[in-house]
2 protein chains.
Amino acid sequence: MKRISFIGSGNVSTHLAIALSKVGYTIHQIYSPTYKHALSLATKVGAQVVNSCEELDEDIDICIVSVPDHSIENVVELIQGKNFLCVHTSGSVSMDVFKNRILKYGVFYPLQTFSKAREMDLYNVPVCIESNTSEDKLMLQEMAQAIHTKVYQLDSEQRKEIHLAAVFACNFTNHMFSIAHRLLDSKDIPFEIIKPLIQETADKIRDHRPVDVQTGPAIRNDIQTIHKHMNILNQNNPDLSLLYKLLSDSIINFNKEK
Amino acid sequence: MKRISFIGSGNVSTHLAIALSKVGYTIHQIYSPTYKHALSLATKVGAQVVNSCEELDEDIDICIVSVPDHSIENVVELIQGKNFLCVHTSGSVSMDVFKNRILKYGVFYPLQTFSKAREMDLYNVPVCIESNTSEDKLMLQEMAQAIHTKVYQLDSEQRKEIHLAAVFACNFTNHMFSIAHRLLDSKDIPFEIIKPLIQETADKIRDHRPVDVQTGPAIRNDIQTIHKHMNILNQNNPDLSLLYKLLSDSIINFNKEK
């Protein structure tokens, strides 16, 4: 079976290593600048811990580099010249970060939000793959399918757009929930009350284009309610009042261009 | 069994009338300025259509006024002096809109997003109730429980805050999905790819406070990625670039105050 090593032992590495190990891949070595984290993951998947990138064996099939975006270039420098297939897992970093330093390279980007606080089943998580050779693309495709994920072959430009879209659909969406939580909390209303609404909001777009199921004061052009809401926000959360205005204007603009 | 009449035959009236009729409530009369809509709903629930508010019989238990917020006051004028219990279904209009015109009044506000495009099961939908008498509050509570909803007794101030929170948690959240849709579409990437991420984002806050599971460039203070994203947006969607900046700043501020 294929042998895989990891550089990085954060959320993405952990989820991938465990999933791949379960379907029969051998997790060979793990390197992380934080030895403790590498050891914790290595123990879970029966891998060796190494103390530096130089110590990584070359007789493996794939080396997965899953580190913060700004560290990828440093890592590539440390492993340059190695002759394994090397992929990073970032949404926003071009595949070309490997060019001229590594012979066989690519990207394996799982489109999901990984939190330490929460177990994650990779089943149904889409993966965007890219490689500089069609042979390696095939190997990445097999690896993705082995852990039951949907595979999309996309270039770096498309992947960057997905990453940006994901910031809106996930990170900014979660912030909307944080704002709702804060507003309710300020009046001693349990957050529970709004959870069915959040669930339905996410469920609605399974079968509908989001612009087609937009509801609320902005889409109805209900200026009276918009002003009421901005007045409430101005009292205790003036920053949120500006945000409310901008979001409402944006909904109105999207509706015009629909 | 209790008899209920409706003023208004939009999404909320339709969902409530059908649900109440299923559990044995008699839907007596329906008035809507759009006769066709009133007739369509009346046919579904075996009710009479009336041509004006004056024709509404007084020997009913509850009259549910479910019309656009800005029309509630007009409706109250038309029915003033009637001696049934009268409730509106709005999140943002105070209960006092009935004061001095109707003797027994209240609010029955289901906290959910209703789209014509989508069937809705009221099961699990929270309802906020309020009334000027404790006897009528009890009747509203019974009615809510009969259609399996969770009941919250909240005053008008609290309800306004919930409505505002719901705009963030639902309307603005859906707009985040619309933006993601537009970005993906511009690069011929199917919206499907991002649906599991959206689902997980909503699922995550079932057991966690949203501020505790915030992910993305802003919370990591990843200025490099934030700038990359704003550059992409500036090329084709400058309005969204400003929105991206404001949302990122807001995430950073929330994190400081956590």
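**Strand β6 of chain B and its neighbours**

Reader: What makes strand β5 (residues 85-88) of chain B a partner of β6(B)?

Author: Three bridges join β5(B) to β6(B), and the two run parallel; pairing asks for at least two bridges found by DSSP, so they qualify. Val87(B), for instance, stands opposite Gly106(B) in β6(B). Strands here are DSSP runs (E, at least two residues), as are helices (H or I, at least four), numbered from the N terminus.

This is a predicted model, in which local features need pLDDT of at least 70, side-chain atom pairs count only at pLDDT 80 or more, and totals for chains, interfaces and linings use all residues. Residues are numbered from 1 along each chain as its sequence is written, chains are lettered from A and ligands numbered from 1 in the order written, and side-chain values use heavy atoms, without hydrogens and water.

Reader: And what pairs with β6(B) in the antiparallel sense?

Author: Strand β7 (residues 127-131) of chain B does, over five bridges. There, Pro110(B) stands opposite Val127(B).

Reader: Why is β6(B) called largely enclosed?

Author: Six of the six residues of β6(B) (residues 105-110) are buried, so the rest of the structure largely encloses this strand. Both faces are covered: Tyr105(B), Val107(B) and Tyr109(B) lie on one side, with Gly106(B), Phe108(B) and Pro110(B) on the other.

Reader: How do you know that Arg159(B) is buried?

Author: Its relative accessibility is 1%, and buried means under 20% (exposed is over 50%, partly exposed in between; 1.4 Å probe, protein chains only). Arg159(B) sits in helix α5 (residues 156-186) of chain B. Its contacts (heavy atoms within 4.5 Å) include Val107(B) and Tyr109(B), as well as Cys128(B) and Glu130(B).

Notes:
Lists of a residue's contacts leave out its neighbours within four places in sequence.
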